[in-house]
Amino acid sequence: MAVASEVVQGLDVVVVRELGTVLVRPEGDLEAATSPRLALVLATLLGDGCTAVVLDLVELISLDVAGAWLIGEASRLFRDRAGEIAVRSPRGPVRRALDSAGLAWLVETPRQARIAPAPG
């Protein structure tokens with residue numbers, strides 16, 4: 001069940017809550033102009049006490065430095081509050097951007113993805 005979806009300058013962010021799991025799926029381009037939309041969603045989840053987020057990047061087309069910084073910073077903020085963000089399904093240039101930013105460690109392994117509940 002999607003509980004939030006809004007298109008902002010080339011970025012749609014879908015949030016799905018199911019059985020204690022929160023899946024956040026940004027769709028489009030995550031860059032300096034669009035990263036505040038995802039930041040607001042993640043900050044709201046953190047403020048609501050959410051401790052575990054799966055950031056599904058399968059529909060993300062591009063990721064720039066600002067978007068990668070946001071993912072890294074959000075991960076740090078969740079960890080500071082005893083939570084975590086796991087990144088799922090980055091493809092092509094998005095995966096390379098995460099690797100270049102030193103964030104490859106956030107990406108779920110196929111085994112982790114099979115074990116963790118996958119909403120939707």
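This is a predicted model: local features need pLDDT of at least 70, side-chain atom pairs count only at pLDDT 80 or more; totals for chains, interfaces and linings use all residues.
Two strands pair if DSSP finds at least two bridges between them.

**Strand pairing**

Strand 4 covers residues 52–56 and pairs with strand 6 in the parallel sense, over five bridges. Within this pairing, A52 lies opposite E84 of strand 6, and D56 has R88 as its bridge partner. Strand 4 also runs parallel to strand 3 (residues 21–30), to which three bridges join it; here V22 faces V53 of strand 4.

The bridge partners named above are collected below.

| Residue | Partner |
|---|---|
| D56 | R88, strand 6 |

**Helix 1 and the crossover**

Strand 3, helix 1 and strand 4 form a right-handed β-α-β unit. Helix 1 (residues 35–47) has 13 residues, which should span 18 Å at 1.5 Å a residue; the end C-alpha atoms are 18 Å apart, in agreement with that value. Buried residues of this helix are S35, R37, L38, V41, L42, L45 and L46. Just after helix 1, G49 adopts a positive phi of about 90°.

**G67 in helix 2**

G67 belongs to helix 2, which comprises residues 65–80. The residue is buried, its relative accessible area being 0%. Its C-alpha atom is separated by 8.3 Å from that of T34, although G67 and T34 are 33 residues apart along the chain.

Technical notes: Residues are numbered from 1 along each chain as its sequence is written. Side-chain values use heavy atoms; hydrogens and water are left out. Helices (H or I, at least four residues) and strands (E, at least two) are DSSP runs, numbered from the N terminus. Buried means under 20% relative accessible area, exposed over 50%, partly exposed in between (1.4 Å probe, protein chains only). The expected span of a helix is 1.5 Å times one less than its number of residues. A crossover is right-handed if, with the strands pointing away from the viewer, the path from the first strand over the helix to the second runs clockwise.
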